[in-house]
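Thanks for coming. I have one structure to go through today, and I will start at a single side chain before turning to the chain as a whole.

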Amino acid sequence: MTIEVRVPQLPESVADATLVSWHKKPGDSVVRDENLVDLETDKVVLEVPAPAAGVIKEIKLADGTTVTSGQLLAVIDETAGAVPGASAPAILAASSGVTAAAKDTVAQGVAAKETAKAEAGGKLSPAAKRVAEENQVDPKTVAGSGRDGRVSKSDVVNYLSAKETGAPGQASAPGSAAAAPSGGAAKAAPAQFVPAPSARGNRAEQRVPMTRLRARIAERMVQAQATQALLTSFNEVDLQAVNELRARYKDQFEKQYGVKLGFMSFFAKACVEALKKFPSVNASVDGNDIVYHEYFDIGVAVSTDRGLIVPVLRDTDQLSFADIEKSIANFASRARAGSITLEELTGGTFTITNGGVFGSLMSTPIVNSPQSAILGMHKIQDRPVVVNGQVVIRPMMYIALTYDHRIIDGREAVQFLVTVKQCLEDPARMVRHI
């Protein structure tokens, strides 16, 4: 009996996906729920598991193919045994239902995949594999920074950069023809015109196709700036009180909940309080209508090797500090592992992004359309400030609110930031259920 492996149902917001890489070839044995192939969408990499145990009879599509929901990927024979030593081209040629051109394409794709696996031990991410192949890099020479030594795209790019700039200089050795003669007998040569030195090195360039996620990010960013009247307002926050609360409760909090008490839960709670007071910041534009969302689904921007993604904290107003910290930690680990789901990335009424983790002191974040506002957190820096007529050193952070001026007035944006500032500088009222 044969079982068909098809592309899973993609959400309405995702039209298609790219077949990134096969993990099996025709003739290989598989077990139920074993990952067969990776599909890359605009937002995440999806794994397609085997629906039953058996042997791969046919692979219908090669790496790099654009696929849609329900499209046939492969056929599994539940009754057959694995074919020892069978090559992919031989099995493909014997398979029925695939044209000669398709067989050649699939055979080449499978062969390329097997070569990459042999070289990298199966520890290359899809993006890293593409960059390595395009630049003829042996993955075994690249040190992986990911889990279990997994090589990411940035690892390959860094390797290439180091390779280009790592050549030793061409200094002349003592005693060589270029060395200056000793003694004063030699007559000085007349001055000659010396042309400006030309650029050294091979000055190589790399042309790498955007991943689907990077292309989608670019599209959304340009769309937001082209369709919204974006403006950014700033304020600064004294985080002394937050630091004192974190220091007081950090050990008890981590022991009780198994997660550290970070800054993001304080900012999420402060934003909820501000969104309640200024509902237009939590709204969105739909044609000529303004949609006021009476719930608070806050997106938290997470940086990954593939780009920036924004998983959503549903009903943030109903979550405790521990719930928020656990959810963010879970999102971050699964986002970087590529196992976060599309449902967790969709929706959202407001977004928080923290450039401070990378050292950013101030920025103007771009709204995550169709939302109407985004809060930017930045680096905490000790600065002198005046408190009760005295100059004191306090941990200060600049915060920024970029908003759609079509539906949010400057007064509302400024007062939103003031509310966030007040909540963070007097956090006791927010931490009753810490």
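With which side chain does the side chain of Glu425 make a polar contact? The partner is the side chain of Lys421, at 2.8 Å. By polar contact I mean a pair of N or O atoms within 3.5 Å; within protein, one must be able to donate a hydrogen and the other to accept it, and residues adjacent in sequence count only if both atoms are side-chain atoms.

Before going on, the ground rules. This is a predicted model, in which local features need pLDDT of at least 70 and side-chain atom pairs count only at pLDDT 80 or more, while totals for chains, interfaces and linings use all residues. Residues are numbered from 1 along each chain as its sequence is written, and side-chain values use heavy atoms, with hydrogens and water left out.

Back to Glu425. It sits in helix H9, residues 410-425; helices (H or I, at least four residues) and strands (E, at least two) are DSSP runs, numbered from the N terminus. Glu425 is partly exposed, at a relative accessible area of 31%. The scale is buried under 20%, exposed over 50%, and partly exposed in between, with a 1.4 Å probe and protein chains only. A polar atom of the Glu425 side chain also lies 2.9 Å from the backbone nitrogen of Asp238. Apart from neighbours within four places in sequence, Glu425 is in contact (heavy atoms within 4.5 Å) with Glu236, Val237, Asp238 and Ala241.

Now the whole chain. It has nine helices and 19 strands. Of its 434 residues, 43% are buried. Taking contacts between residues at least 6 apart in sequence, 65% join residues at least 24 apart.

Next, helix H7, residues 264-277. How many of the 14 residues of H7 are buried? The count is 11, so H7 is largely enclosed by the rest of the structure. Among those buried are Phe266, Phe267, Lys269 and Cys271.

Strand S16 covers 350-354 and strand S17 covers 373-377, with Leu361 in the loop between them. Leu361 is partly exposed at 35% relative accessible area. Pro370 is in this loop as well, and a cis peptide bond joins Ser369 to Pro370, with omega about 10°. The side chain of Gln371 makes a polar contact of 2.7 Å with the side chain of Thr351. Beyond its sequence neighbours within four places, Gln371 has contacts including Gln228, Ala283 and Phe350.

Last, two backbone angles. Asp33 has phi near 70°, a positive value in a residue other than glycine. Asp33 is in the loop between strands S3 (29-30) and S4 (35-40), and counts as exposed at 54% relative accessibility. Asp315 also has a positive phi, about 50°, without being a glycine. Asp315 lies in the loop between strand S15 (312-313) and helix H8 (321-337), and is partly exposed at 33%.
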